Amino acid sequence: MGERLGNLSSRERELVEAVAAGGVLRCAQLSPAQLASTGNPAHIIRAQVLRDLLVSQRYAPPDPRGICLRGARITGILELSEVQAAVGMELRDCWVDEQMRLRDASVPWLSLSGSRVPALVCDGLRVDGSLILREGFRTTGGRRLGGVRVPGARIGGRLDLSNAQLTGQDWPALIADGLQIGGDLILSSFHATAHSRLGTVRLAGAHIYGQLDLSSGILINQDGAALIADGLQVDGDLIPAGLLY
């Protein structure tokens with residue numbers, strides 16, 4: 001495996017070893033905002049390395065516990081569209097330079113809690129477990145992308161956006177038309193803003209088999225509807241938002 005690790009930084013080698021052993025790698029104690037400007041190689045992991053760990057046999061096989069990375073700056077576009085990953089991934093309290101793409105991908109689980117990413121593009125994503133985007137997860141929005149895109153996605157567990165902050169700019173902050181969730185959709189203490197005639201949060205045609213929790217949520221749109229939910233089905237309880245405007 002030594003030759004295959006030759007093009008990696010020392011920190012990236014540590015990540016490969018941690019993933020093979022089922023461990024957690026923390027690159028820095030910095031906040032995501034501080035990580036945005038760091039040039040320290042000890043704080044940086046390239047997106048291509050994460051992709052290789054998930055989809056190729058270039059390195060040692062990953063432990064079933066998957067990738068658990070904390071406090072890192074992720075450089076480059078993480079392109080996982082149409083990938084069928086055998087293990088899940090946690091990027092906690094990370095700064096992600098570019099958008100993350102998981103169109104029509106399949107993953108056991110995914111957690112980005114506390115991290116910041118321009119846009120998360122997950123059209124048609126399949127998640128066996130849960131998609132966790134909580135505890136200060138933030139997006140800045142991308143042109144004609146929005147903040148988080150999960151239209152047509154299928155999530156077996158829950159989608160948790162509690163205490164997240166999404167910005168869609170000229171596009172919706174959360175696009176979830178046709179989404180199916182086996183568990184709960186948690187938007188408690190959730191803050192979403194957009195300047196779009198297409199809405200701030202879109203749940204048109206979605207089906208939530210658990211509950212929809214919008215308690216203390218704030219949805220803002222000065223150019224259109226804050227919430228669009230035509231044809232939404234919620235089998236469990238519906239807990240309304242704190243503020244829509």
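Mentor: Let us begin with a single pair in this predicted model. Arg58 and Asp52 form a salt bridge, and their closest N and O atoms lie 3.2 Å apart. That pair qualifies because a side-chain nitrogen of Arg must be within 4 Å of a carboxyl oxygen of Asp.

Trainee: Is Asp52 buried or exposed?

Mentor: Asp52 counts as buried, because its relative accessibility is 9% and the cut-off for buried is under 20%.

Trainee: Which residue forms a salt bridge with Arg70?

Mentor: The partner is Glu90, with 3.4 Å between the closest N and O atoms. Arg70 belongs to strand β3 (residues 67–70) and Glu90 to strand β6 (residues 89–92), so the pair ties together parts that are 20 residues apart in sequence. Arg70 is partly exposed, with a relative accessible area of 27%, whereas Glu90 counts as buried at 11%.

Trainee: Where do Arg101 and Glu79 lie?

Mentor: Their side chains meet in a salt bridge of 3.0 Å, N to O. Arg101 is in strand β8 (residues 100–101) and Glu79 in strand β5 (residues 78–79); the pair links distant parts of the chain, 22 residues apart. Arg101 is partly exposed at 24%, and Glu79 is partly exposed at 27%.

Trainee: Which residues are linked in a network of salt bridges?

Mentor: Arg92, Arg134, Glu135, Arg158 and Asp160 are linked in this way.

Trainee: How many salt bridges does a search of the whole structure find?

Mentor: The search finds 14.

Methods. Residues numbered from 1 in each chain as written. Predicted model: local features only at pLDDT ≥ 70, side-chain atom pairs only at ≥ 80, totals over all residues. Heavy atoms only, no water. Buried < 20%, exposed > 50% of the residue type's maximum accessible area, 1.4 Å probe, protein only. Helix = DSSP H or I, 4+ residues; strand = E, 2+ residues; numbered from the N terminus.
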